[in-house]
Amino acid sequence: TSATQLLNAARQGDAAKVRELLEAKVDVNSASAYGVTALALACDHGHESVVQLLLQNGADPNAADSFYRASPLTWAVMRKRSAIVQLLLDAGARNVDAALTTAASTDQKEIAQTVLGSNRFSPEGFHTALKISRLRAATSPAADAVRSEEHTSELQSHHDLVCRLLL
């Protein structure tokens with residue numbers, strides 16, 4: 001079907017085919033039997049130009065699949081694709097707190113900086129990410145330096161503090 005072709009083209013990063021299918025009025029939010037969209041596949045496989053094209057044509061940045069319950073933002077964060085994370089945040093992706101805590105728990109400084117730069121995280125999400133960062137830092141060779149820095153600049157911006165802890 002045309003929907004399957006769109007999913008395959010997005011997975012393969014074939015922007016020309018995706019454009020052709022969208023111009024033929026294939027639903028940009030078509031999904032597989034498990035609810036996986038073309039946008040999720042493009043995010044998962046790192047096809048930034050396809051992500052951009054799909055978003056420009058109305059792809060839902062919050063459509064979660066029915067198997068993993070993963071959104072395009074989830075896939076982009078898990079695959080460490082910061083440019084795609086930025087595109088999704090700009091398009092209104094939700095669940096920003098989960099993206100921030102995942103970045104903190106997996107030492108993804110660039111992703112954390114991108115999410116923090118969006119200023120769309122909640123205080124609770126920030127504090128959870130901060131706790132995770134502190135726990136990770138406590139098990140690293142730089143733990144003393146992190147703890148020392150933490151106490152001397154408690155009033156520093158959330159963005160700078162989390163990024164320092166993720167180093």
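A salt bridge is a side-chain nitrogen of Lys or Arg within 4 Å of a carboxyl oxygen of Asp or Glu. K17 and E20 form such a bridge, because their closest N and O atoms are 3.3 Å apart. The model is predicted. Its mean pLDDT is 86, and 82% of the residues reach 70 or more.

**Confidence**

- The chain has a mean pLDDT of 86.
- Residues 140–156 stay under 50 in pLDDT.
- For residues 140–156, the model has 12 contacts beyond four places in sequence.
- Where pLDDT is low, the predicted coordinates should not be read in detail.

**Salt bridges**

- There are 2 salt bridges in the structure.
- K17 and E20 both sit in helix α2. They are 3 residues apart, about one turn of the helix.
- An α-helix has 3.6 residues a turn, so residues three or four places apart point the same way.
- K17 has a relative accessible area of 27%, so K17 is partly exposed.
- E20 is also partly exposed, because its relative accessible area is 45%.
- R79 bridges to D44, with the closest N and O atoms 2.5 Å apart.
- That pair joins distant parts of the chain. R79 lies in the loop between α5 and α6, while D44 lies in helix α3, 35 residues apart.
- R79 is partly exposed, because its relative accessible area is 38%.
- D44 is at 14% relative accessibility and therefore counts as buried.

**Nonpolar core**

- The largest nonpolar core holds 46 residues.
- L54 and L88 have the most contacts inside this core.
- Helix α3 gives the most to the core, with 6 residues.
- Leaving aside neighbours within four places in sequence, L88 is in contact with L39, C43, L55, P61, P72, L73, A76 and A93.

**Helix α4**

- The buried residues in α4 include V50, V51 and L53. L54 and L55 in α4 are buried as well.
- The cover over the buried residues of α4 includes α1 (2–12), α2, α3 and α6 (82–90).
- G58 follows α4 and has a positive phi, near 95°.

**Aromatic pairs**

- The structure has 4 aromatic pairs.
- Y34 and F67 make an edge-to-face pair, with 5.6 Å centre to centre and 75° between the planes. The angle counts as edge-to-face because it is over 60 degrees.
- This pair, too, links distant parts of the chain. Y34 is in the loop between α2 (15–23) and α3 (38–45). F67 is in the loop between α4 (48–56) and α5 (72–78), 33 residues apart from Y34.
- Y34 and F67 are both exposed.
- F121 and F126 form a tilted pair, with 6.1 Å centre to centre and 35° between the planes.
- F121 counts as buried because its relative accessibility is 17%.
- F126 is at 1% relative accessibility, so F126 counts as buried.
- Ring pairs join Y34, F67, Y68 and W75 into a cluster.

**S30, in a loop**

- S30 lies in the loop between α2 and α3.
- Its relative accessible area is 11%, so S30 is buried.
- The S30 side chain reaches the backbone oxygen of D27 at 2.7 Å.
- Not counting residues up to four places away in sequence, S30 touches A3, L7, V36, T37 and A38.

**T114, in a helix**

- T114 has its place in helix α8 (residues 109–118).
- T114 counts as buried because it is at 12% relative accessibility.
- Not counting residues up to four places away in sequence, T114 touches S82, V85, Q86 and L89.

Key: Residues numbered from 1 in each chain as written. Predicted model: local features only at pLDDT ≥ 70, side-chain atom pairs only at ≥ 80, totals over all residues. Heavy atoms only, no water. Phe/Tyr/Trp six-rings, centres within 6.5 Å; stacked < 30°, edge-to-face > 60°. Helix = DSSP H or I, 4+ residues; strand = E, 2+ residues; numbered from the N terminus. Buried < 20%, exposed > 50% of the residue type's maximum accessible area, 1.4 Å probe, protein only. Polar contact = N/O pair within 3.5 Å; in protein donor to acceptor, adjacent residues only side chain to side chain. Contact = heavy atoms within 4.5 Å. pLDDT = per-residue confidence, 0-100. Core = buried A, V, L, I, M, F, W, Y, C linked by side-chain atoms within 4.5 Å.
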